[in-house]
Amino acid sequence: MEDVVLAPGRYKNLHSSTSLGEKFGHLHQMIRQEFTYIDRVSVSLFDREMNALKTFVQSSKDMPLQFYECLIKNAPSLMEMKALKKNRLVNDMTVFNNGTHEHTRKIASNGYQASYSVPLFDCDDFIGMLFFNSYQKKVFKKKDLIKLDLYAQLINCLMVNKLQSSQMLVGAFRSCLGLVSYKDPETGNHLERMARYARLIARELAKKCHIDLTDEFIENLFLFAPLHDIGKIGIPDDILLKPGRLDEKEWEIMQTHSSKGREIIDAIADHLGLQSFEHLSLLRNISGSHHETIDGKGYPNRLKQDEIPIETQIVSVADIFDALTSHRSYKPAWSNEAAFEELTRLSGIKLNPDCVRMLMENEPAILAIQNRFGDAPGDHA
Ligand SMILES: [Fe+2]
Ligand SMILES: [Fe+2]
């Protein structure tokens, strides 16, 4: 009998706790061994709430589409693939030459000439789209598609697995957060708005400040930003709900919510068996360091400048801006102009100046978030 030795470690990257982007890079290499003409593999995620597809992960170096969202109702062919669970082969993308969609224009202008698209599902729930693109025309053959469909199924499973882990983690934390919101005066739509400000800042930083953030990172930042104060679960009610000023001892206890947050996250991830979830550090950093300031006078670890992870610096600006522009029991809501003045004062001292600038330069996007997620009278404490 002959021993068959498989290429050592050929699939090991698919099982490691590397990011989905890295797994995609590896999968793409495997696919290219057989289909040398495939130059890009990408997945866009479906956002049910907004009924939009948003770029999520891709393997090519040229990254033709990033930080992009498209309402699905504006893309009839995607709607059809979603409704009929149907794949689509376009062997000559010049058919899109007169198209009006930014996504088809951008893909074509980067030289891609053919595409094979596959809708992804978790049972019957549409979760996103998978795209195989080639720089060459008419290269996808019918017989190849049968094998490509197998890869598509593998990617579908990878996505379901990844989304379920995130949903489980976020679901568990959101349940805990329900307990905090129940007690914490920071109510209303604070968390909805600050998560969106954080995503806005991150996307703008990546586009304009050449900070290396991926769609996958930004999506997780958006999911996890609302959990920044999860550690408040561990703060006694008489301190958390105290109407007046906290004395020195109480303030010390209040400050422990950052490190308590990190401990709670570790404990829950442990209970769910998700210790190796690849974005756990993002969540731990957001919760554990969101009161660090770049002058090194924050808490709990007095981190300075770049010692503070970028995700945390982004969340701090988003959180402070929303706190300033929201009504609280101790203050009225400030106007955006007044809040901008305060952010400018803190910029470079307490807050990352690029993060502040990326927020302030996008007032129309801020107003859209405030209109969509405004607080009803009585929502606040
Ligand atoms: Fe906090
Ligand atoms: Fe907050």
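User: How many residues of domain 1 are in contact with domain 2, and how many of domain 2 take part?

Analyst: The size of an interface is often given as the accessible area lost when the parts come together. Here the description is by residue contacts instead, and in this predicted model eleven residues of domain 1 are in contact with nine residues of domain 2. The two domains run over residues 16-162 for domain 1 and 184-372 for domain 2, and their centres, taken over C-alpha atoms, are separated by 33 Å.

User: Which elements give two or more residues to the side of domain 1 that touches domain 2?

Analyst: These elements are helix H2, residues 20-34, and strand E2, residues 52-58. Strand E2 gives the most to that side of domain 1, with three residues.

User: How do the residues on that side of domain 1 divide into nonpolar, polar and charged?

Analyst: On the side of domain 1 that touches domain 2, five residues are nonpolar and six are polar, while no charged residue is found there.

User: How many helices and strands does the whole protein have, and why can it be called as compact as a globular protein of its length?

Analyst: The protein has 15 helices and six strands. Its radius of gyration is 23 Å, close to the 21 Å that the globule rule gives for 381 residues, so the protein is as compact as a globular protein of that length. Along its principal axes, the C-alpha trace spans about 75 × 60 × 35 Å.

User: What share of the residues is buried, and what share of the contacts between residues at least 6 apart in sequence joins residues at least 24 apart?

Analyst: Buried residues make up 35% of the 381 residues in the protein. Of the contacts between residues at least 6 apart in sequence, 65% join residues at least 24 apart.

Note on methods:
Residues numbered from 1 in each chain as written. Chains lettered and ligands numbered in written order. Predicted model: local features only at pLDDT ≥ 70, side-chain atom pairs only at ≥ 80, totals over all residues. Domains from an automatic or database assignment. Contact = placed C-beta atoms within 7 Å. Helix = DSSP H or I, 4+ residues; strand = E, 2+ residues; numbered from the N terminus. Nonpolar A, V, L, I, M, F, W, Y, C, P; charged D, E, K, R; others polar. Rg over C-alpha atoms; globule rule 2.2 N^0.38 Å. Buried ≥ 20, exposed ≤ 12 C-beta atoms within 10 Å, placed from the backbone.
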